[in-house]
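Biologist: I'm new to this one. Can you put it up and walk me through it?

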Amino acid sequence: APGIDARIVPLESVLDCVVAPLAALQPLLLLVVDGLSASIFRELFARPERMGWAEMVPAALARPLAGVAAFPTITEVSRASLLCGRLTTGTSSLEKTGFSTHAALLAQSRADVPPKLFHKGDLSDSTNLANEVRTAIANPQQRVVGLVYNAVDDHLSGPDQLHQRWNLEDLRLFLPILREAREARRVVVITADHGHLLEDGTTQITGGESDRWRAGSDSVNSN
């Protein structure tokens with residue numbers, strides 16, 4: 001676990017420590033941008049006021065909170081832990097169940113309108129934002145909505161990742177999501193399940209189980 005620091009929030013604590021307290025004050029949209037790094041977030045939201053938004057940070061800190069991904073920093077571990085509110089491993093079905101039944105989120109929701117989570121396949125209806133997503137965001141009784149947005153992570157697997165300049169206008173559905181949230185007067189919490197580092201000629205070592213992690217079998221491997 002991270003050391004004691006008011007800014008540091010382990011991802012498995014985001015629902016309890018960030019989302020639920022804000023949802024008690026205002027309907028909320030949790031936007032999980034898969035693979036988003038802090039630097040790309042700053043590039044995308046350099047001037048949020050242009051879109052009618054203002055960034056809010058804890059007054060006592062005067063700085064944004066910093067999330068810490070669960071290890072290994074792969075979707076099955078880190079995203080599942082974020083959306084279930086506990087350290088776990090699983091797929092999107094577990095995430096939906098964990099999110100909709102999370103005790104702190106349920107405490108801020110009506111019994112007949114529990115927290116609702118949408119994944120990549122749920123967001124688009126042909127070329128537009130799906131009507132079910134629009135309806136959930138617009139519904140004032142739907143206190144908590146979560147969206148998993150994969151465009152950043154998907155783009156990083158492409159051949160031109162080193163030349164990308166990040167603009168909200170280039171991320172399909174992102175601006176419509178923000179527009180719907182603004183019109184519904186929702187607080188938006190933007191986070192990621194993990195960030196990323198650009199690959200720079202590295203080689204997967206012998207025994208590696210993934211391009212992101214390997215099991216520690218002795219003191220050298222564990223450090």
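Modeller: Of the 223 residues of the protein, 39% count as buried. Buried means under 20% relative accessible area, exposed over 50%, and partly exposed in between, with a 1.4 Å probe and protein chains only. This is a predicted model: local features need pLDDT of at least 70, side-chain atom pairs count only at pLDDT 80 or more, and totals for chains, interfaces and linings use all residues. Residues are numbered from 1 along each chain as its sequence is written, and side-chain values use heavy atoms, with hydrogens and water left out.

Biologist: How many helices and strands does the protein have?

Modeller: There are 10 helices and 8 strands. Both are DSSP runs numbered from the N terminus: helices are H or I, at least four residues, and strands are E, at least two.

Biologist: Switching to aromatics. How many aromatic pairs are there?

Modeller: The structure holds 3 aromatic pairs. Rings of Phe, Tyr and Trp (its six-membered ring) pair if their centres lie within 6.5 Å; planes under 30 degrees apart count as stacked, over 60 as edge-to-face and the rest as tilted. In one of them, F45 and F174 have ring centres 6.0 Å apart and planes at 55°, so that pair is tilted. F45 sits in the loop between α2 (38-44) and β3, while F174 is in helix α9 (residues 174-183), 129 residues apart.

Biologist: Is F174 buried or exposed?

Modeller: F174 is buried, at 1% relative accessibility. F174 also pairs with Y149: the centres are 5.0 Å apart and the planes at 85°, so this pair is edge-to-face. Y149 lies in strand β7 (residues 144-149), so the pair ties together parts that are 25 residues apart in sequence. Ring pairs link F41, F45, Y149 and F174 into a cluster.

Biologist: Now R79. Where is R79 found?

Modeller: R79 is in helix α3. R79 is buried, with a relative accessible area of 8%.

Biologist: Which side chain does R79 join by a polar contact?

Modeller: That of E95, at 3.0 Å. A polar contact is a pair of N or O atoms within 3.5 Å; within protein, one must be able to donate a hydrogen and the other to accept it, and residues adjacent in sequence count only if both atoms are side-chain atoms.

Biologist: Last one. How many disulfides does the structure hold?

Modeller: The structure holds 0 disulfides, counting pairs of cysteine sulfur atoms within 2.5 Å. C17 is exposed at 53% relative accessibility, whereas C84 is buried at 6%.
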